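The sequence and structure are shown first.

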Amino acid sequence: MTSTSTPPGLARFNTLEEHAARTALHEACASTAWARRLLAGRPYATVEDLYAASDAATAELTAPDLDEAMAGHPPIGRPKPGDPTSAREQRGMAGASDELKAEMLELNLAYQERFGHVFLICATGRTGEQMRDAVKERIGNTPEREREIVRTELGKINRIRLARLVEED
């Protein structure tokens with residue numbers, strides 16, 4: 001691998017000091033096991049290699065690891081104050097009516113009561129109405145089915161966040 005064959009953003013990630021890389025990965029996904037696995041795979045030759053490692057690490061998360069990852073995500077409609085990532089990802093709720101925001105709050109609470117964790121969806125590019133419809137649809141799932149959907153959604157979110165991490169300057 002040469003620096004000319006590796007995209008600059010990926011080359012920068014590959015050469016980050018371990019603590020800095022771990023911190024950057026933790027901002028992408030709150031799972032320690034996921035970050036550990038991605039760190040162990042460095043250096044990555046291509047962004048696709050990084051995504052494949054992320055997908056594999058996400059697929060192997062244990063139930064506690066998945067809980068740890070979900071704990072890093074705020075409820076839909078309530079991005080973390082001062083966190084541009086969650087605000088950007090939940091942009092579809094920013095212009096939602098007060099009525100829709102109140103409905104999402106109620107749905108989030110009902111979902112959390114049923115499943116014991118935050119409703120997780122890859123919100124990027126979705127409208128508030130689409131997110132509301134998704135939670136309404138998914139609240140009827142079995143806990144096992146919902147965990148697998150959550151794992152899939154987490155994988156999508158991780159890819160989007162990794163893409164931002166390794167973008168060129």
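## The largest pocket

The model discussed here is predicted. Helix 2 spans residues 18-28, and like helix 6 (84-89) and helix 10 (143-165) it provides at least two residues of the pocket lining.

The volume of the largest pocket is about 360 Å³. Its lining comprises 18 residues, and those closest to the centre are Ala 24, Glu 27, Ala 28, Thr 85 and Arg 161. By class, the lining of this pocket consists of 7 nonpolar, 5 polar and 6 charged residues.

## The largest cavity

How many cavities of 30 Å³ or more does a search of the whole structure find? The search returns 1. The largest cavity holds about 140 Å³ of space.

Around the largest cavity there are 15 lining residues; nearest its centre lie His 73, Glu 89, Gln 90, Ile 121 and Ile 157. Helix 10 provides the largest share of this lining, with 3 residues, and both helix 6 and helix 10 supply at least two. The cavity lining divides into 9 nonpolar, 4 polar and 2 charged residues.

Helix 5 covers residues 63-71, and its buried residues are Asp 65, Leu 66, Ala 69 and Met 70. Because these residues cover an arc of only 135 degrees around the axis, they lie on the same side of helix 5. In general, an α-helix has 3.6 residues a turn, so residues three or four places apart point the same way.

Which elements do the buried residues of helix 5 pack against? Their partners are helix 3 (32-40) and helix 10. Pro 64 and Ala 71, on the other side of helix 5, are exposed.

## Packing of helix 8 on helix 10

Two packed helices are described by the angle between their axes and the distance between the axes. For helix 8 (residues 98-115) and helix 10, the angle is about 115 degrees and the axes are 11 Å apart.

On helix 8, the contact involves Tyr 111, Arg 114 and Phe 115, while helix 10 contributes Pro 143, Glu 146 and Val 150. In terms of class, this contact has 4 nonpolar and 2 charged residues, with no polar ones.

Methods: Residues are numbered from 1 along each chain as its sequence is written. This is a predicted model: local features need pLDDT of at least 70, side-chain atom pairs count only at pLDDT 80 or more; totals for chains, interfaces and linings use all residues. Side-chain values use heavy atoms; hydrogens and water are left out. On a 1 Å grid over the protein atoms alone, a cavity is a set of points where a 1.4 Å probe fits but cannot get out, and a pocket is an open set with protein on both sides within 12 Å along at least five of seven lines; lining residues have an atom within 4 Å of a point. Grid points are joined across faces, edges and corners, and a volume is the space filled by probe spheres set on the points. Helices (H or I, at least four residues) and strands (E, at least two) are DSSP runs, numbered from the N terminus. Ala, Val, Leu, Ile, Met, Phe, Trp, Tyr, Cys and Pro count as nonpolar, Asp, Glu, Lys and Arg as charged, and the others, Gly among them, as polar. Buried means under 20% relative accessible area, exposed over 50%, partly exposed in between (1.4 Å probe, protein chains only). The arc is that of the directions from the helix axis to the C-beta atoms. Contact means heavy atoms within 4.5 Å. Axes are lines fitted to C-alpha atoms, for helices over the stretch in contact, and angles run from 0 to 180 degrees between N-to-C directions.
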